[in-house]
Every structure is written in C-alpha cells, then in structure tokens.
Amino acid sequence: MKKILYITGLLLLAVMMSFASAEFYSSMTKVDYVEGNRTLKFTTKMNTRHISDAIKINPNTAGFEAEVKKYVNNNFDLYVNGGAKTLTFTGSQVNGESTWVYFETGGVTDINSLRIKNTILLGTFPGQINIVNIAFKGNQRTMNFQRGKEVNEVSF
C-alpha cells in the first residue's frame, strides 16, 4: 500500500510540474473605429517579459518605448480596402506583467475589407498566438495570427 501511495504521489508531482513549466505566448489587440474623426484606434496588450526578450531591452530603461514603437511598426501592417495605411504610434505603458501599446490611423471613411499582417512576437516565440478584435459600426470581427498564418483579412 505504501508503494502504491509513493508511486501515485510521484506521478501527481510529475503532472503538477508539467503544468508549472508551460508558457503561454499571446497578444491581444482591440481595434475601434472612431467615426467622428474617421480613425481606427489600436490597443495591443502583450506580456512585458516577452516583448522585452524580443527587442532585447529592459522595460525599465528610457529607450524601451522607442524600441517598442520601432518593433510594432516593423511587425504590424494594415490595409483598408486594399490600400496600405500608415500607423501612428501614440504611446505605450508598462503595467507589471503587461505592456500596453497604442497606435492609430486616420482618414478611414468606410471599410469594406481590412487586411492585417501581424507578426508580433512570432519570430521570438514559435507558439505565439496574436488575436485582433475589430469593432466597426456595430460589427465585430476577430482575427487570429500564428506562425504560418501571419496575414488575415475580414470583410464588413
């Protein structure tokens, strides 16, 4: 009986340790259309340690925000109705384990199709999943990005 309890305890410990070492890699982006000034506003939330590893800079240093801006500009492309849009970085905020990044694009009067290329953290973490939720004039769409599926398109 002691032997069975000992083996069961070891198996339980092994199972619990396997869950403790599992790392989850994801980012979440919310896209809102502001009709009054015809702007798409983007808010991206990602793990602070993960973005820090990707850009190889400590989040507590003065240059962190500039490197995050450069990284997002190089890893997020937007096309509205087939035309490329320029993204303007409006800021970032480190809040413990989460880093929030804000950017926008203007001059959007209507959206028939929205194509996004999102490679944020995909080069650093093979298991990374990026989710983008879009709200446009009462319509909701969700896009998922991962290695092998870096570009996604939705219609309204």
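Predicted model: local features only at pLDDT ≥ 70, side-chain atom pairs only at ≥ 80, totals over all residues.
Residues are numbered from 1 along each chain as its sequence is written, and side-chain values use heavy atoms, with hydrogens and water left out.

The protein has three helices and 10 strands, where helices (H or I, at least four residues) and strands (E, at least two) are DSSP runs numbered from the N terminus. Of its 156 residues, 35% are buried, a word that here means under 20% relative accessible area with a 1.4 Å probe, counting protein chains only.

Strands of a sheet pair through backbone hydrogen bonds, either parallel or antiparallel. Here six strands form an open sheet with mixed pairing, in the order β5-β6-β2-β1-β8-β9, and two strands count as paired if DSSP finds at least two bridges between them. Because β5 (88-95) and β9 (139-145) each have a single partner strand, they stand at the edges, and one side of each is left without a neighbour in the sheet. Strands β2 (residues 39-47) and β6 (residues 98-105) run antiparallel and are joined by eight bridges; within β6, V101 is the bridge partner of T44.

Helix α2 (residues 48-55) lies across β2, β5 and β6, and runs at about 95° to β2, with angles taken from 0 to 180 degrees between N-to-C directions of axes, which are lines fitted to C-alpha atoms, for helices over the stretch in contact (heavy atoms within 4.5 Å). Helix α3 (residues 64-75) also packs on the sheet, where it touches β5 and β6, and its direction makes about 125° with that of β5.

Note on methods:
Buried < 20%, exposed > 50% of the residue type's maximum accessible area, 1.4 Å probe, protein only.
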